[in-house]
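Here is a short briefing on one chain. Keep the sequence and the 3D view open while reading.

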Amino acid sequence: MALIYATEAFEVRPAERRVFLHGTPVALGARAFDLLVVLIERRERVVRKDELMALVWPGLFVEENNLTVHIAALRKALAHDIIATVSGQGYRF
(Lines give C-alpha, C1' and ligand atoms only; values in the text may rest on other atoms or scores of the structure.)
Protein backbone atom coordinates (compact mmCIF):
# COMPACT_ATOMS: atom_id res chain seq x y z
CA MET A 1 0.00 0.00 0.00
CA ALA A 2 1.28 3.47 -0.89
CA LEU A 3 2.23 5.94 1.80
CA ILE A 4 -0.37 8.65 2.46
CA TYR A 5 -0.11 11.59 4.86
CA ALA A 6 -3.48 12.82 6.09
CA THR A 7 -5.10 15.23 8.52
CA GLU A 8 -8.76 16.12 8.93
CA ALA A 9 -8.42 18.78 6.24
CA PHE A 10 -5.98 17.43 3.69
CA GLU A 11 -4.34 14.35 2.25
CA VAL A 12 -0.94 14.05 0.55
CA ARG A 13 -0.16 11.07 -1.69
CA PRO A 14 3.56 11.25 -2.49
CA ALA A 15 3.63 8.31 -4.92
CA GLU A 16 0.88 9.94 -6.98
CA ARG A 17 2.22 13.48 -6.41
CA ARG A 18 -1.30 14.58 -5.44
CA VAL A 19 -2.74 16.72 -2.66
CA PHE A 20 -6.40 16.93 -1.63
CA LEU A 21 -8.00 19.58 0.55
CA HIS A 22 -11.35 18.42 1.97
CA GLY A 23 -11.43 15.80 -0.80
CA THR A 24 -10.81 18.29 -3.62
CA PRO A 25 -7.57 18.07 -5.61
CA VAL A 26 -5.16 20.96 -5.04
CA ALA A 27 -2.91 22.14 -7.87
CA LEU A 28 0.68 22.54 -6.66
CA GLY A 29 3.80 23.03 -8.68
CA ALA A 30 6.46 20.32 -8.59
CA ARG A 31 8.81 22.21 -6.26
CA ALA A 32 6.01 23.21 -3.89
CA PHE A 33 4.91 19.58 -3.73
CA ASP A 34 8.49 18.43 -3.05
CA LEU A 35 8.82 21.07 -0.35
CA LEU A 36 5.59 19.94 1.30
CA VAL A 37 6.71 16.32 1.38
CA VAL A 38 10.12 17.25 2.81
CA LEU A 39 8.46 19.26 5.58
CA ILE A 40 5.94 16.52 6.35
CA GLU A 41 8.66 13.86 6.51
CA ARG A 42 10.61 16.02 8.99
CA ARG A 43 7.57 17.29 10.92
CA GLU A 44 9.11 16.44 14.28
CA ARG A 45 11.68 19.23 13.93
CA VAL A 46 12.52 22.62 12.46
CA VAL A 47 14.08 22.26 9.02
CA ARG A 48 16.79 24.78 8.18
CA LYS A 49 16.48 26.81 5.00
CA ASP A 50 19.74 25.47 3.59
CA GLU A 51 18.60 21.89 4.18
CA LEU A 52 15.28 22.55 2.45
CA MET A 53 16.99 24.14 -0.51
CA ALA A 54 19.44 21.23 -0.83
CA LEU A 55 16.60 18.68 -0.73
CA VAL A 56 14.13 20.48 -2.99
CA TRP A 57 16.65 21.89 -5.48
CA PRO A 58 19.48 19.32 -5.31
CA GLY A 59 22.66 20.41 -7.05
CA LEU A 60 21.18 23.73 -8.14
CA PHE A 61 21.95 27.25 -7.04
CA VAL A 62 18.71 29.01 -6.22
CA GLU A 63 17.94 32.24 -4.45
CA GLU A 64 16.36 32.04 -1.00
CA ASN A 65 13.32 33.90 -2.29
CA ASN A 66 12.38 30.75 -4.26
CA LEU A 67 11.88 29.00 -0.94
CA THR A 68 9.82 31.91 0.38
CA VAL A 69 7.60 31.91 -2.71
CA HIS A 70 6.90 28.18 -2.46
CA ILE A 71 6.20 28.35 1.29
CA ALA A 72 3.70 31.14 0.58
CA ALA A 73 2.07 29.05 -2.16
CA LEU A 74 1.67 26.11 0.22
CA ARG A 75 0.17 28.31 2.90
CA LYS A 76 -2.27 29.82 0.42
CA ALA A 77 -3.28 26.45 -1.06
CA LEU A 78 -3.64 24.50 2.20
CA ALA A 79 -3.81 26.75 5.26
CA HIS A 80 -1.84 29.74 6.43
CA ASP A 81 -0.87 28.12 9.73
CA ILE A 82 0.19 24.77 8.28
CA ILE A 83 3.86 25.78 8.09
CA ALA A 84 5.44 27.72 10.92
CA THR A 85 8.35 30.06 10.36
CA VAL A 86 10.87 29.74 13.18
CA SER A 87 12.74 33.03 13.04
CA GLY A 88 16.43 32.63 12.28
CA GLN A 89 16.13 28.84 12.08
CA GLY A 90 13.82 27.61 9.33
CA TYR A 91 10.37 26.11 8.90
CA ARG A 92 8.28 23.48 10.64
CA PHE A 93 5.25 21.60 9.43
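Contact here means heavy atoms within 4.5 Å. By that criterion, the cover over the buried residues of α2 includes α1, β5 (47–48), α3 and β7 (90–92). The model is predicted.

**Sheet layout**

- Four strands form an open sheet in the order β1-β2-β3-β4, and the pairing is antiparallel.
- The edge strands are β1 (5–6) and β4 (24–26). Each has a single partner strand, so one side of each lacks a neighbour in the sheet.

**Strand pairs**

- Two bridges link β1 and β2 in the antiparallel sense. In this pair, alanine 6 sits opposite glutamate 11 of β2.
- β1 and β2 make a hairpin, with three residues between the strands.
- β2 and β3 run antiparallel and are joined by four bridges. Phenylalanine 10 faces leucine 21 of β3 across this pair.
- The β2–β3 hairpin has four residues between its strands. Arginine 17, in the turn, has a positive phi of about 55°.
- β3 (residues 18–21) and β4 are also antiparallel, with three bridges. Here phenylalanine 20 stands opposite proline 25 of β4.
- Helix α1 packs on the sheet and touches β1, β2 (10–13) and β3. The direction of α1 makes about 100° with that of β2.

**Two faces of β2**

- Phe10 and Val12 lie on the covered face of β2. Glu11 and Arg13 lie on the uncovered face.
- Which residues does valine 12 contact, leaving aside its neighbours within four places in sequence? The partners are Leu3, Ile4, Tyr5, Arg18, Val19, Phe33, Leu36, Val37 and Ile40.

**Helix packing: α1 with α3**

- Two packed helices are described by the angle between their axes and the distance between the axes.
- For α1 (residues 30–41) and α3 (residues 64–77), the angle is about 80° and the axes are 9 Å apart.
- Angles of 65 to 115 degrees count as roughly perpendicular. α1 and α3 are therefore roughly perpendicular to each other.
- α1 contributes Arg31, Ala32, Leu35, Leu36 and Leu39 to the contact. α3 contributes Leu67, His70, Ile71 and Leu74.
- By class, this contact of α1 with α3 holds seven nonpolar residues, one polar and one charged.

**Nonpolar core**

- The largest nonpolar core has 26 residues. Val12, Leu35, Leu39, Leu52 and Leu67 touch the most other members.
- β2, α1, α2 (49–56) and α3 each give two or more residues to this core.
- Which element supplies the largest share of this core? It is α1, with eight residues.

**Helix α2**

- Glu51, Leu52, Met53 and Val56 are the buried residues of α2. Leu52 is also among the core residues that touch the most other members.

**Asparagine 66**

- Asparagine 66 is in helix α3.
- Is asparagine 66 buried, exposed or partly exposed? The range for partly exposed lies between under 20% for buried and over 50% for exposed. Asparagine 66 has 28% relative accessibility, so asparagine 66 counts as partly exposed.
- The C-alpha atoms of asparagine 66 and alanine 32 are separated by 9.9 Å. Along the chain, these two residues are 34 residues apart. Alanine 32 is one of the α1 residues in the contact with α3.

Methods
Residues are numbered from 1 along each chain as its sequence is written. This is a predicted model: local features need pLDDT of at least 70, side-chain atom pairs count only at pLDDT 80 or more; totals for chains, interfaces and linings use all residues. Side-chain values use heavy atoms; hydrogens and water are left out. Axes are lines fitted to C-alpha atoms, for helices over the stretch in contact, and angles run from 0 to 180 degrees between N-to-C directions. Angles under 35 degrees count as roughly parallel, over 145 as roughly antiparallel, 65 to 115 as roughly perpendicular and the rest as oblique. Ala, Val, Leu, Ile, Met, Phe, Trp, Tyr, Cys and Pro count as nonpolar, Asp, Glu, Lys and Arg as charged, and the others, Gly among them, as polar. Two strands pair if DSSP finds at least two bridges between them. A nonpolar core is a set of buried Ala, Val, Leu, Ile, Met, Phe, Trp, Tyr and Cys residues joined through side-chain atoms within 4.5 Å. Buried means under 20% relative accessible area, exposed over 50%, partly exposed in between (1.4 Å probe, protein chains only).
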